[in-house]
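This briefing is meant to be read with the sequence and the model side by side. Please keep both open while going through the points that follow.

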Amino acid sequence: MIKPFTIIMVWGIIIAVAIFPLYNKLSLALGRRFKLTAILYTLLALSLLIGPSILLSSSLVETSAHLAKGFSEGSLVVPPPAKSVSEWPLIGDKVYAFWNQASNNLENTLKQNIPAIKKLGEAFISAVAGVGGSILQFIFSIIISGIFLVNTQKAYDVAVKIASRLTDSEQGPQFTNLAIATIRSVAQGVLGVALIQATLAGMGMYVMDIPGWGLWTLMILILAVAQLPPLSVLIPAMFYVFSVAATTPAIIFAVWSIVVSMSDSFLKPMLLGRGMDTPH
């Protein structure tokens with residue numbers, strides 16, 4: 001019963017600690033109107049979360065509905081692959097053979113791969129359910145982080161007192177400041193980069209009208225948080241675009257995908273280079 005609320009509270013603290021430098025600058029610009037700043041931050045953060053979430057969710061729902069309707073009506077058709085698919089390095093022949101088989105006889109192809117499709121379907125349903133739950137948790141966490149930001153100094157003092165009880169009066173403030181710096185480092189250097197990469201990759205796939213772009217964006221976000229290269233998803237996406245789109249937009253998308261995948265090399269130093277202000 002308590003666990004879900006604990007997770008929400010912990011994320012609220014993490015978000016408040018991570019966003020404090022920006023919140024502090026904004027409050028100074030608004031004449032130290034802390035409550036107004038917290039309200040503006042909360043509304044902006046919620047809009048940035050809810051807006052893309054609606055697009056992502058609608059993409060997942062649309063993809064699921066299209067597949068379900070196609071299966072039930074027997075109208076699901078896989079377009080034949082372009083001859084250029086067979087020329088892809090390493091995997092071209094296998095991909096072309098499988099794709100061509102699916103386009104000629106989708107039902108038979110699905111029957112031959114029932115175990116893999118079943119696992120993929122279960123993973124897809126689990127991912128959709130997980131996305132919905134995570135979005136709700138983050139909505140509440142953002143609201144809680146806004147409450148913490150209004151009471152920043154009090155929250156900091158309480159954290160110092162708790163740390164001092166666990167250690168001593170000298171190490172308490174040092175431990176608290178170290179925890180703050182660590183949270184900001186992870187939030188800005190890992191989560192921040194992952195969100196930026198997933199957003200940019202999703203924009204590219206949305207523009208190129210890649211089927212199920214919302215699901216692939218979610219997969220890229222998970223990979224980026226786990227410090228794995230987004231190219232694991234973007235390379236198949238590039239191959240798909242080259243097989244269905246004209247050469248120029250396909251090349252632009254490929255370059256965009258490579259830049260997005262390599263962006264962590266300059267995003268991390270930029271984000272981690274910001275000041276680690278603590279509320280003294």
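Which residues in α8 meet which residues in α9? Trp 216, Met 219, Ile 220 and Leu 223 in α8 meet Ser 232, Val 233 and Leu 234 in α9, where contact means heavy atoms within 4.5 Å. This is a predicted model, in which local features need pLDDT of at least 70 and side-chain atom pairs count only at pLDDT 80 or more, whereas totals for chains, interfaces and linings use all residues. Residues are numbered from 1 along each chain as its sequence is written, and side-chain values use heavy atoms, with hydrogens and water left out.

**Overall make-up**

- The secondary structure of the protein chain comes to 11 helices and 0 strands; helices (H or I, at least four residues) and strands (E, at least two) are DSSP runs, numbered from the N terminus.
- Of the 280 residues in the protein chain, 32% are buried, where buried means under 20% relative accessible area, exposed over 50%, and partly exposed in between, with a 1.4 Å probe and protein chains only.
- Among the contacts in the protein chain with a separation of 6 or more, 66% are between residues 24 or more positions apart.

**Nonpolar cores**

- A nonpolar core is a set of buried Ala, Val, Leu, Ile, Met, Phe, Trp, Tyr and Cys residues joined through side-chain atoms within 4.5 Å.
- The largest nonpolar core has 16 residues, of which Ala 201, Met 205, Ile 210, Ile 220, Leu 234, Val 241 and Phe 253 touch the most other members.
- At least two residues of this core come from each of α7 (171-207), α8 (213-225), α9 (231-244) and α10 (247-262), and α9 gives the most, with 5 residues.
- Ile 220 touches Ala 198, Ala 201, Met 205, Pro 230, Val 233 and Leu 234, when residues up to four places away in sequence are not counted.
- A second, separate core of 12 residues includes Ile 15, Tyr 23, Ile 139 and Ile 142.

- The axes of α8 and α9 come within 9 Å and cross at roughly 150°; axes are lines fitted to C-alpha atoms, for helices over the stretch in contact, and angles run from 0 to 180 degrees between N-to-C directions.
- α8 and α9 are therefore roughly antiparallel to each other, since angles under 35 degrees count as roughly parallel, over 145 as roughly antiparallel, 65 to 115 as roughly perpendicular and the rest as oblique.
- By class, the contact of α8 with α9 has 6 nonpolar, 1 polar and no charged residues, where Ala, Val, Leu, Ile, Met, Phe, Trp, Tyr, Cys and Pro count as nonpolar, Asp, Glu, Lys and Arg as charged, and the others, Gly among them, as polar.
- The axes of α9 and α10 come within 9 Å and cross at roughly 175°, and these two helices are therefore roughly antiparallel to each other.
- On the α9 side, Leu 231, Leu 234, Ala 237, Met 238, Val 241 and Phe 242 make the contact, while α10 contributes Ala 250, Ile 251, Phe 253, Ala 254, Ser 257 and Ser 261.
- The residues of the contact of α9 with α10 divide into 10 nonpolar, 2 polar and no charged.

- The 14 residues of α9 reach 19 Å from the first C-alpha to the last, close to the 20 Å expected at 1.5 Å a residue, the expected span being 1.5 Å times one less than the number of residues.
- For α8, whose 13 residues should span 18 Å at 1.5 Å a residue, the end C-alpha atoms are 18 Å apart, which agrees.
- Buried residues in α9 are Val 233, Leu 234, Ala 237, Met 238, Phe 239, Val 241 and Ser 243, and those in α8 include Trp 213, Leu 215, Ile 220 and Leu 223.

**Positive phi values**

- Asp 209, in the loop between α7 and α8, has a phi near 55°, a positive value in a residue other than glycine, and counts as exposed at 61% relative accessibility.
- Just after α8, Gln 227 takes a positive phi of about 65°.
- Arg 32, in the loop between α1 and α2 (34-73), has a positive phi near 60°.

**Partly exposed helix residues**

- Ile 196 is found in helix α7 and counts as partly exposed at 32% relative accessibility; its C-alpha atom is separated by 9.6 Å from that of Ala 224, 28 residues apart along the chain.
- Leu 26 lies in helix α1 (residues 3-29) and is partly exposed, with a relative accessible area of 35%.
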